[in-house]
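Please open the structure in your viewer and keep the sequence beside it.

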Amino acid sequence: MLTNFWYGIEFSKEITSKPRQLLALNQKLVAYRKADGKPVLMQDICPRCSASLTLGKVEGDNIVCIKD
């Protein structure tokens, strides 16, 4: 993936407080909205247990792994 570039990968209205997996340039990403409505996009992998964050839940501004 080319860093420091913008990629249109989903419509804003489709991003909610429920984690959603997106695929961009062969990279699995998770998108969700924080409590204040700001969108977040990050790699879809828990750094602690390597599970998919898409299976987790959003608590406030954070995404929580399903194994927590």
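Select Cys-46 to begin: its relative accessible area is 6%, so it counts as buried (buried means under 20% relative accessible area, exposed over 50%, and partly exposed in between, with a 1.4 Å probe and protein chains only). This is a predicted model, in which local features need pLDDT of at least 70 and side-chain atom pairs count only at pLDDT 80 or more, while totals for chains, interfaces and linings use all residues. Residues are numbered from 1 along each chain as its sequence is written, and side-chain values use heavy atoms, with hydrogens and water left out.

For Cys-46, the nearest cysteine sulfur is that of Cys-49, 3.8 Å away. Select Cys-65 next: its nearest cysteine sulfur is again that of Cys-49, at 3.4 Å, and Cys-65 is in no disulfide. Cys-65 is buried, with 5% relative accessibility.

Now colour the strands, which, like helices, are DSSP runs numbered from the N terminus (helices are H or I with at least four residues, strands E with at least two). Three strands form an open sheet in the order S1-S2-S3, with antiparallel pairing; two strands pair if DSSP finds at least two bridges between them. Strand S1 (20–24) and S3 stand at the edges, and each has a single partner strand, so one side of each is left without a neighbour in the sheet. On average, and with direction ignored, neighbouring strands of this sheet are turned by 35° against each other. Zoom in on S1 and strand S2 (residues 27–33), which run antiparallel and are joined by five bridges; within this pair, Leu-23 has Lys-28 of S2 as its bridge partner.

In the loop between S1 and S2, select Asn-26, which has a positive phi of about 65° although it is not a glycine. Asn-26 is exposed, with a relative accessible area of 70%.

Move on to strand S3 (residues 39–43) and select Met-42, which is partly exposed at a relative accessible area of 31%. Leaving aside neighbours within four places in sequence, Met-42 is in contact (heavy atoms within 4.5 Å) with Leu-29, Val-30, Tyr-32, Leu-53 and Ile-63.

The last stop is Ser-50, in the loop between S3 and strand S4 (57–59). Ser-50 is not a glycine, yet it has a positive phi of about 65°, and it is exposed, with a relative accessible area of 54%.

Note on methods:
A disulfide is a pair of cysteine sulfur atoms within 2.5 Å. Axes are lines fitted to C-alpha atoms, for helices over the stretch in contact, and angles run from 0 to 180 degrees between N-to-C directions.
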